[in-house]
Amino acid sequence: MTAPLAILGTAISAAGAVVLALLESFETRATLTPTGTIPITIGLRVDDLSSTVAVMVTLIALAIQVYSVGYMKHDVRYPTFATLVGLFTLAMLTVVLAADLLMLYVGWEIMGVCSYFLIGHHWEKPSATAAAIKSFLMTRFGDVGFLFGIFVLGVGAGSFRITDVIAAVPTMSSGTVLTGALLLLVGVVGKAAQFPLHSWLPDAMAGPAPVSALIHAATMVAAGAYVVALLYPVFLAAPLALDVLAVIAVVSMIGSALAALVTDDLKRVLAYSTISQLSVMFAALAVGGRTQAISHLLSHAVFKALLFLCAGAVIIAVGSNLMSEMGGLRRRMSLSFLTMTVGFAALAGIPPTAGFFSKDAVVASAEHAHNWFVFAGLLLTAGLTAAYTTRAWLRTFFGPGPDVREVSKLMTVPLASLAVVALGLGFVGLWFDELRPELISTVLSLAIAGIGVVAVFLIWRRDPAKDPADSIGRLRGVFGSAFGTDTLYERTVARGVMRLADEVARVDDSVVGRSVRGTGSGARALGGLLRLTQNGNPQYYVTAVLASVVLIAVGVVVMR
Amino acid sequence: MSVLPILLLAVPLAGCLAALATHRTATAVGLVTTGITFVLAVVTAFSVDYVRPGTHLITDVPWIPPLGIRFHLGVDGVSVPLVVLTALLCFLSMIYGARRGGTPDRPHAFVSLLLLTEVGMLGTFVALDLLLFFVFFEVVLIPMYALIAGWGGAQRGPAARQFILYTLLGSGVLLVGLLVVYLHTSTLDIVALAELGGTGMSHTVQVAAFVLVAGGLAVKVPMWPLHTWLPDAHSEAPTVGSVLLAGVLLKMGTYGLIRIALPILPDGARAVAPFLGALGVIGIVYAALACLAQRNLKRLIAFSSVGHMGFVLLGISTLTAAGINAALFANIAHGLITGLLFFLVGGMAERFGSTDMDKIGGGTLTLAPRLSVLLVIAAVASFGLPGLAGFWGEMLAMLAAFDPAPGLNRPLYLVFMVVAGIGAVLTAAYFLVMLRRVAQGTFAAWRKDQGVLDVTRAESLAWSPLVVLVFVVGIWPGLVLAPTAEAVGFYLGGR
């Protein structure tokens, strides 16, 4: 009963999103609640950007709901799972369509908690619950900054409505705009798992594959890029914030691509590549390429969801996440092989996939902006991406491997549809001037990607059973641990907080508590003195009462 | 002259006496009385015209003429939500206490003490005379002491004694503060004093009086570092006692700050507010850290109350409409959520024989799925997930700290805001760790053989209103904020 409802509900919302996309831009609003200061409004804000992203979100969610029926067939927790995916879709749509920044924040946080629940889907496993907590806390840390950014902009503009905030940007002081933009970036960096808040996303792969596809690839993690695009006038008015974004993006895209190059867990490879591809979007935003960023957001959503769903199919067939236990699957799982090949090609930016067009547009925008730092970072990433994609492709589908069977049709149908979209979506971009491929960037990025592919292939051909990543020797450990950032956080932040907590608990119990208990025993000692007066003689009591009454009466008269 | 506030007090008082006279039907008397009181509270909420300034449904007759003390009752948008919350929690507590197998020993004494507590709590929220307020404030203490000492856990004696001594000490300080106000203004009428707005008292007197009044109330809040009675009292109190203690008693302190300290002593408030704010945010972080190291569920939730009340204090300390609304909203939200949490932990203790997380052992999502799902919802609401009740109050408190009243040190308040934000992350941390230890994970095999009962019908009857309200208030915060925002607007406008 759950499955038809889940699919039907998502399909209806997808239809609604398509209708919104066909309508003109509009905005509705009603006061949700007075606050004593700026009121919070509730309403929809529909423009080209938001309706396009809404269509993407609902269609991917639909594909994932269909796929999950097959993927979760033997899982007793499927109803909870489907409900949470539905709630997540609602939250993401709130982020996309909200007319008020605080409503956007409501959706933003609910997405986070859905992500927490879904990562912890297998909650009897300690690794899953630990990953869930880590992801929630790291993103919530960012979200607090995000909320403060909303405060800065909302109070500066005198309204939390997005339209008003954007309209008020020219009237706000540059300091206000910069503070607001930088604080928003803290939340964006956390949600999009960019450096230095990146380490939760690979761990989040403890969740089921459809969750990784929807939340940790296509939608939630990309919401940061969406918000920057939505509030782009704010960021354009704060160039320093865009520079910061550029540095974060370049560091994240190269660092995570290196990590993806050596990781053995297929889903973690994809997670690192998600970080890297999100950085590509941020790089585009940092150099003024808003359209290019959104086009890459859309194409990435499709091909990365496809890749995760394929990975889910492969993992469920093989029974392991590790590529060292896969291999040779191209014959036995031909449909998964074909569709995942399309996904990998899109990730590596091979024409004519959507990934080729959108990534190329980003490279071109960096070139136009004469931002050679971002330009070089993007080209290097293109090479690394092609290399780790080739490695993953070869390690999964070629060489020796186990004997397995293709997955059910419920799962392959969404794969095929997404693969078709991933192949065709790029051509839609040709309608827009800024998305058409350009000669220099195309040639350069294709050449560098080609080097990456060929290099990995040559190393792999020497011994197909061996991991090409072994050839880089000791660097493998460094890359694989994402340059040790996780261990660093574990040793400093996590342990520091726990030590502080133990200390507080100890102090509270001994110092503060004992002094209070001291007053307790002190009072009892005092009571012992008073007990002397309680000698049981009624005359004594009556005298005392009378004397008190006289005293009070005198007191009242004097006081007046 | 309105009978509603009088009835609000008279009905539970009559029930209190009636319960003493009965024996076996005590719980029935309690149920009927609290039920009627709840209906009266709802009627009160609907008969107030929130758009009109001032207090409503007023009863004002001389009480002790020589001292100028009047029996002055009335409500406005500030007190109505608290009145409804109090009546609701008392009613639900009675339902919980009346369930089969859950009836306490000596039910007539238990019920009558509980009803006496209700009289005091409701009286505190409807009193408009300083001494009347103080009397009701005190009326609550004794029955609560008796509830802890008579029906509590193993260490109930010391815990109850600490509770009564500590809070009485606070009351003493509060009384001195109220007398200082009286000596300088010759009136005890809260409405009249609020209209005076501090005229007749020099700056020094105001500051001194504010410190005394706020200091006395801060014990009840409880404000860090005056909180140490709370974890002990909670961990030893019976479930219903904990629910009322956290759900209502703590609010008497913050309500007193808003009703008395701010409007009557505005100069004092401006001088002392930054200290309130500082202690509030220290409380948030301190409580969160203490919770991270906690092994006992009841103590954890008790400490979490200190943190939540820190947000309330932060809101009050901004002296803005937004901040006071935040405080009032967070009060209601905390009452609903923490009331629910204590009910759930009481349920856990009955089923697993302990509130110690290590002894419960984990995996309760498998053993008692509905109970655990409710625990998850309450925990998530408590750390302030948007869309649930806990969010709006804390968000508004931080927003108010971002933009405090003119004359306050803004950079200082920005620091408060950031510290509160860090506290919010830590709050999420300890609740998630708690869920990981208790609800998630695997359970010991003997638990399965023991056969754990999931939520019973009586329990769901007592708990579901809270769950529903946590969602309703979270999705539609205007339900609480609309009445309070009007009242607070008049409040600050009239100063």
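Helix α12 covers residues 239–262 of chain A and helix α13 covers residues 266–286 of chain A. Helices here are DSSP runs of H or I with at least four residues, strands are runs of E with at least two, and both are numbered from the N terminus.

Before going further, keep in mind that this is a predicted model, where local features need pLDDT of at least 70, side-chain atom pairs count only at pLDDT 80 or more, and totals for chains, interfaces and linings use all residues. Residues are numbered from 1 along each chain as its sequence is written, while chains are lettered from A and ligands numbered from 1 in the order in which they are written.

**Helix pairs in chain A**

Two packed helices are described by the angle between their axes and the distance between the axes. The axes are lines fitted to C-alpha atoms, for helices over the stretch in contact, and the angles run from 0 to 180 degrees between N-to-C directions.

| Helix pair | Angle between axes | Distance between axes |
|---|---|---|
| α12(A) and α13(A) | about 155 degrees | 8 Å |
| α3(A) and α4(A) | about 155 degrees | 7 Å |
| α2(A) and α14(A) | about 5 degrees | 11 Å |

What do these angles say about direction? Angles under 35 degrees count as roughly parallel, over 145 as roughly antiparallel, 65 to 115 as roughly perpendicular and the rest as oblique. α12(A) and α13(A) are therefore roughly antiparallel to each other. Residues that make their contact include A:Leu242, A:Leu245 and A:Met253 of α12(A), along with A:Val269, A:Tyr272 and A:Phe282 of α13(A). Two residues are in contact if their C-beta atoms, placed from the backbone, lie within 7 Å. Sorted by class, this contact has 18 nonpolar, 5 polar and no charged residues. For these classes, Ala, Val, Leu, Ile, Met, Phe, Trp, Tyr, Cys and Pro count as nonpolar, Asp, Glu, Lys and Arg as charged, and the others, Gly among them, as polar.

Next come α3 (residues 78–97) and α4 (residues 101–119) of chain A. α3(A) and α4(A) are roughly antiparallel too, going by their angle, and the crossing is left-handed. Among the residues in contact are A:Phe88 and A:Met92 of α3(A) and A:Trp108 and A:Met111 of α4(A). Their classes come to 15 nonpolar, 2 polar and no charged.

The last pair is α2 (residues 48–71) and α14 (residues 290–318) of chain A. Their angle makes α2(A) roughly parallel to α14(A). A:Met56, A:Ile60 and A:Tyr67 of α2(A) take part in the contact, as do A:Leu298 and A:Leu309 of α14(A), to name some of them. The contact has 12 nonpolar residues, 1 polar and no charged.

**Chain A overall**

How many helices and strands does chain A have? The count is 23 helices and 4 strands. The C-alpha trace of chain A spans about 110 × 55 × 50 Å along its principal axes.

In chain A, β2 (residues 30–33) and β3 (residues 40–42) run antiparallel and are joined by 3 bridges; strands pair if DSSP finds at least two bridges between them. A:Thr33 has A:Ile40 as its bridge partner in β3(A). There are 6 residues between these strands, and A:Gly36 takes a positive phi near 95 degrees.

Chain B has a hairpin of β1(B) and β2(B), with 4 residues between them and a positive phi of about 70 degrees at B:Gly68 in the turn. Here 6 bridges join the antiparallel strands β1 (residues 56–64) and β2(B), and B:His56 is partnered by B:Val75. Strand β2(B) (residues 69–75) is mostly covered, with 5 of its 7 residues buried.

**A buried residue, and where the chains meet**

B:Val78 sits in the loop between β2 and α3 (80–98) of chain B. Is B:Val78 buried or exposed? B:Val78 counts as buried, with 23 C-beta neighbours inside 10 Å. Leaving out residues up to four places away in sequence, B:Val78 touches B:Ile258, B:Arg259, B:Leu328, B:Thr484, B:Ala487 and B:Val488.

Finally, the contact between the chains takes 48 residues from chain B and 42 residues from chain A. On the chain B side, α18(B) gives the most, with 8 residues. That side divides into 33 nonpolar, 12 polar and 3 charged residues.

Terms used:
Left-handed = near helix turned anticlockwise from the far one by under 90°. Buried ≥ 20, exposed ≤ 12 C-beta atoms within 10 Å, placed from the backbone.
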